[in-house]
Amino acid sequence: MPDGCDVPSAEAAYRVQHATIRALGGRIAGWKVGARTPESEPFAAPILAATLFDGGTILPPGLCRHIGVEAEIAYRFGHALPPRDVPYTTGEVCDAIVSVHTAIEIIDTRFAVPGSQPALDHLADQQSHGALFVGPGTTDWRSLVPLEERVVLAVGDRVMADHVGGNSAGDPIRTLVWLAGHAARHAGGLAAGTIVTTGSATGTLFVDPGTHVRATFAHLGTLSLTCG
């Protein structure tokens with residue numbers, strides 16, 4: 001970025017995000033939300049329908065310049081949470097959730113090198129969102145304990161991650177409640193059918209086009225993806 005042009009605040013980053021969304025056109029079909037620690041302020045970015053592949057298994061060639069893969073847990077909202085004067089409670093947000101899914105997010109950036117800019121600049125760049133693939137899941141989402149969920153991420157025939165938990169944000173429900181208020185302020189709320197992915201459980205692994213990856217959460221199932 002030219003000197004003096006770094007994004008000065010999170011609110012400025014969110015204004016850039018939504019100006020970009022308006023310029024690109026299309027419908028917000030999902031969100032990504034996360035936090036650096038279980039106590040820190042969450043952050044978010046909207047996901048357009050053009051980069052959300054619900055049930056898809058192939059990353060379209062050329063869609064992303066960089067292909068960073070992350071295994072994540074994603075929640076689907078069964079009914080809308082529109083803007084209102086009173087903040088949504090945890091119970092109300094949970095009652096709006098209809099299912100939980102294995103997901104793979106593709107990390108990409110408009111900058112030349114991933115992770116090369118200050119954090120707020122990357123937040124403005126849709127928090128480095130490239131694409132989101134949503135796989136198998138369950139409607140019995142309340143029985144899932146994300147902090148105790150085993151996750152396996154394989155690249156080709158090699159297992160790159162195999163552990164329990166791994167999301168820096170901790171319990172994702174906290175971030176979903178925060179997102180309900182954030183989306184109400186910035187995007188007219190959360191629409192029915194919205195998919196929200198809640199942060200990497202494995203870290204980011206950059207792979208070459210044509211690579212096959214698999215993400216498995218023990219109680220959700222496996223999503224296999226060909227990266228372009």
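Biologist: Where do the coordinates and numbering come from?

Modeller: This is a predicted model, where local features need pLDDT of at least 70, side-chain atom pairs count only at pLDDT 80 or more, and totals for chains, interfaces and linings use all residues. Residues are numbered from 1 along each chain as its sequence is written, and side-chain values use heavy atoms, with hydrogens and water left out.

Biologist: Why are α1 and α4 called oblique to each other?

Modeller: Helix α1 (residues 10-24) and helix α4 (residues 172-187) pack at an angle of about 60°. Angles under 35 degrees count as roughly parallel, over 145 as roughly antiparallel, 65 to 115 as roughly perpendicular and the rest as oblique. The pair is therefore oblique.

Biologist: Which residues make the contact of α1 with α4?

Modeller: E11, Y14 and H18 in α1 meet W178, H182, H186 and A187 in α4, where contact means heavy atoms within 4.5 Å.

Biologist: What makes a space a cavity and not a pocket?

Modeller: On a 1 Å grid over the protein atoms alone, a 1.4 Å probe fits in a cavity but cannot get out, while a pocket is an open set with protein on both sides within 12 Å along at least five of seven lines; lining residues have an atom within 4 Å of a point. The search finds one cavity of 30 Å³ or more, and the largest cavity has a volume of about 100 Å³. Nearest its centre lie I73, P146, N167, A201 and F217. The largest pocket, in turn, has a volume of about 470 Å³, and K32, F43, E70, I107 and Q127 are the closest to its centre among 27 lining residues.

Technical notes:
Grid points are joined across faces, edges and corners, and a volume is the space filled by probe spheres set on the points. Axes are lines fitted to C-alpha atoms, for helices over the stretch in contact, and angles run from 0 to 180 degrees between N-to-C directions. Helices (H or I, at least four residues) and strands (E, at least two) are DSSP runs, numbered from the N terminus.
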